[in-house]
Amino acid sequence: LGLVEMTRQRAAESLSSSHYIVCPHCSGRGMIKSPTSMSVELQRSLHAVMRKHLDRVHEFRVIVPPSLLQRLRSEDEDLLVDIERRYQGRLSFRSDPLMHDEKFTITNAQNGEVLEG
């Protein structure tokens, strides 16, 4: 048939990438996680952090955005009490209205050290 396919390598940035920046909140996805998704993510992190640090830390402070704190207080309280019982640790929650909806921080309540799982 004599058909030829040709391609070219893009040498310059696209117009959209040169005129716009990536959203710092959603990283260009156009969506952020729901409080339900963040609650599940937080619970998984709590299990990992408490399992790892329980030998030296018994009080954990969790700093969360207001929307997540509302979810934790209204619908997930029993799950959090179960996590406290399982690891024999104490959880306290603080709301930070400046914190992004997809972030949370778990710290040692005694000295403020940020804890990772």
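From the N terminus on, the elements of the chain follow the order α-α-β-α-α-β-β in this predicted model. That makes 4 helices and 3 strands. The chain is more spread out than a compact globule, because its radius of gyration of 22 Å is well over the 13 Å that the globule rule gives for 117 residues. Along the principal axes, the trace spans about 75 × 30 × 30 Å.

Contacts were examined next. Among those between residues at least 6 apart in sequence, 80% join residues at least 24 apart. Of its 117 residues, 31% are buried. The accessible surface comes to about 8,700 Å². Carbon and sulfur atoms account for 51% of that surface.

Charged side chains were counted as well. The chain carries 16 positive and 16 negative side chains. The centres of the two sets lie 2 Å apart.

Gln 88 has a phi near 50°. This is a positive value in a residue other than glycine. Gln 88 sits in the loop between α4 and β2. Helix α4 covers residues 77-87, and strand β2 covers residues 90-95. The relative accessibility of Gln 88 is 66%, so the residue counts as exposed, the cut-off being over 50%.

Terms used: Residues numbered from 1 in each chain as written. Predicted model: local features only at pLDDT ≥ 70, side-chain atom pairs only at ≥ 80, totals over all residues. Heavy atoms only, no water. Helix = DSSP H or I, 4+ residues; strand = E, 2+ residues; numbered from the N terminus. Rg over C-alpha atoms; globule rule 2.2 N^0.38 Å. Buried < 20%, exposed > 50% of the residue type's maximum accessible area, 1.4 Å probe, protein only. Contact = heavy atoms within 4.5 Å. Areas by Shrake-Rupley, 256 points an atom, 1.4 Å probe, with all protein chains shown as cover. Lys, Arg positive; Asp, Glu negative; His and termini not counted. Charge placed at Lys NZ, Arg CZ, Asp CG, Glu CD.
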